[in-house]
Amino acid sequence: MKGKRIRWVHWSWTQGRNWLLRVLPWVLAPLLLLLLVRPPGVLVVLDPPQTVMTTNSVVGVHTRLTDEVEAWKIQRTLQLVREMGAPWIVEYFPWAYIEPAPGRYNWGHADMVIEHARNQGLTVIARLGMTPAWARPDPAEQETTFTYLDAARYADFARFVAAFVSRYEGQITHIIIWNEPNLSFEWGYRPVDPAGYAALLQAVYPAAHEANPDVIVLGGALAPTLEPPGSPAGLNDLLYLEEMYAAGAGPYFDALAAHAYGLVFPPEMEPAPDLINFRRVELLREIMIAHGDADKLVYITEGGWNDHPRWVHAVRPGQRVTYTLAAYEWIREAWPWCPVFAPWMFRTPAPLRNYQDYYAFVTVDFQPRPIYQAVQAYTGN
């Protein structure tokens with residue numbers, strides 16, 4: 001009897017073990033999948049093609065989607081831009097992100113931004129810059145920053161620009177070549193060099209137009225500054241533009257990109273060479289006319305007012321609203337040579353936790369700030 005009981009127990013254990021071995025894979029497989037496979041992200045579906053409704057076609061905004069990785073956030077940002085009544089956006093497409101190795105392109109993020117922008121009916125002005133590590137000197141020999149571009153690498157940048165405008169022919173009609181080259185920080189922490197920037201335009205312009213004859217090449221994107229010659233920080237934008245022309249840059253840009261920050265001054269305040277205010281752009285325009293470029297347009301691709309409560313160059317939120325709307329009106333009524341004003345900036349992917357957050361039109365979590373609501377009402381949306 002005892003032996004039978006032992007055999008029965010052995011048989012039961014064996015059967016149980018076999019059953020467990022058969023069932024266990026079915027139990028563990030889903031658990032392993034949960035551990036190994038990322039959960040699906042938010043499903044993003046394109047809207048039916050949209051059209052921007054606005055009472056003023058110069059209304060634009062400088063978006064900042066460069067480091068926004070989630071597709072739904074890109075879509076939501078651009079929906080809000082369209083719903084605000086802004087037909088234009090300026091967006092940054094870094095060379096370093098798109099061509100991480102010579103001739104190897106990663107277009108995924110740029111494709112996504114441009115697809116969603118076009119789906120919302122927005123016209124994109126593409127700002128191009130940021131030097132990849134492979135196009136900079138060996139760090140063992142010379143420490144450089146991502147804004148450093150040697151003249152020996154101008155041809156590489158020109159090839160990238162040609163690839164960009166060719167890929168987006170019919171989708172991107174405007175490109176900005178570099179950003180604020182009259183500031184040392186944006187010129188690789190070197191003394192600024194108007195002749196060097198003119199040479200960059202001379203390298204890029206023919207390559208861009210050969211790849212896409214219809215593209216509009218914007219030169220400049222000059223920062224408004226009063227820095228004198230020899231300053232380690234930069235060079236007065238008026239002097240810089242004069243020196244660009246002197247270096248032969250005139251034939252190598254189709255229009256000028258300019259930055260127009262109002263600081264604490266209202267937009268109607270008259271310009272002066274020793275003052276940074278919104279209408280300083282008119283002084284740049286006078287230099288263009290003097291050099292025979294009266295037919296070229298000026299695109300304001302950054303600018304506006306800041307409403308930080310403690311920054312010395314900021315205004316109150318109500319003043320920011322009043323000044324921004326008045327600037328849009330000023331351009332429509334007084335500047336036929338300016339097709340767009342794109343203030344800095346619509347939204348950032350994460351809080352910057354400094355005065356820059358107070359340029360934003362909406363918060364990181366897409367809550368409209370008073371400036372957004374005021375522009376939306378102004379444009380009839």
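## Model and confidence

pLDDT is the predictor's confidence in each residue, on a scale from 0 to 100. The protein chain has a mean pLDDT of 93, with 89% of its residues at 70 or more. This is a predicted model, in which local features need pLDDT of at least 70 and side-chain atom pairs count only at pLDDT 80 or more, while totals for chains, interfaces and linings use all residues. Residues are numbered from 1 along each chain as its sequence is written, and side-chain values use heavy atoms, without hydrogens and water.

Where pLDDT is low, the predicted coordinates should not be read in detail.

## Nonpolar cores

A nonpolar core is a set of buried Ala, Val, Leu, Ile, Met, Phe, Trp, Tyr and Cys residues joined through side-chain atoms within 4.5 Å; buried means under 20% relative accessible area, with a 1.4 Å probe and protein chains only. The largest such core has 92 residues, and Phe93, Phe157, Val161, Phe164, Ile175 and Ile177 have the most contacts inside it. Apart from it lies another core of eleven residues, including Trp88 and Leu218.

## Helices H5 and H6

Helices are DSSP runs of H or I with at least four residues, numbered from the N terminus. H5 (residues 154-167) and H6 (residues 194-211) pack at an angle of about 35°, their axes 8 Å apart; axes are lines fitted to C-alpha atoms over the stretch in contact, and angles run from 0 to 180 degrees between N-to-C directions. Among the contact residues are Phe157 and Val161 of H5 and Leu200 and Val204 of H6.

Methods:
Helix = DSSP H or I, 4+ residues; strand = E, 2+ residues; numbered from the N terminus. Contact = heavy atoms within 4.5 Å. Buried < 20%, exposed > 50% of the residue type's maximum accessible area, 1.4 Å probe, protein only.
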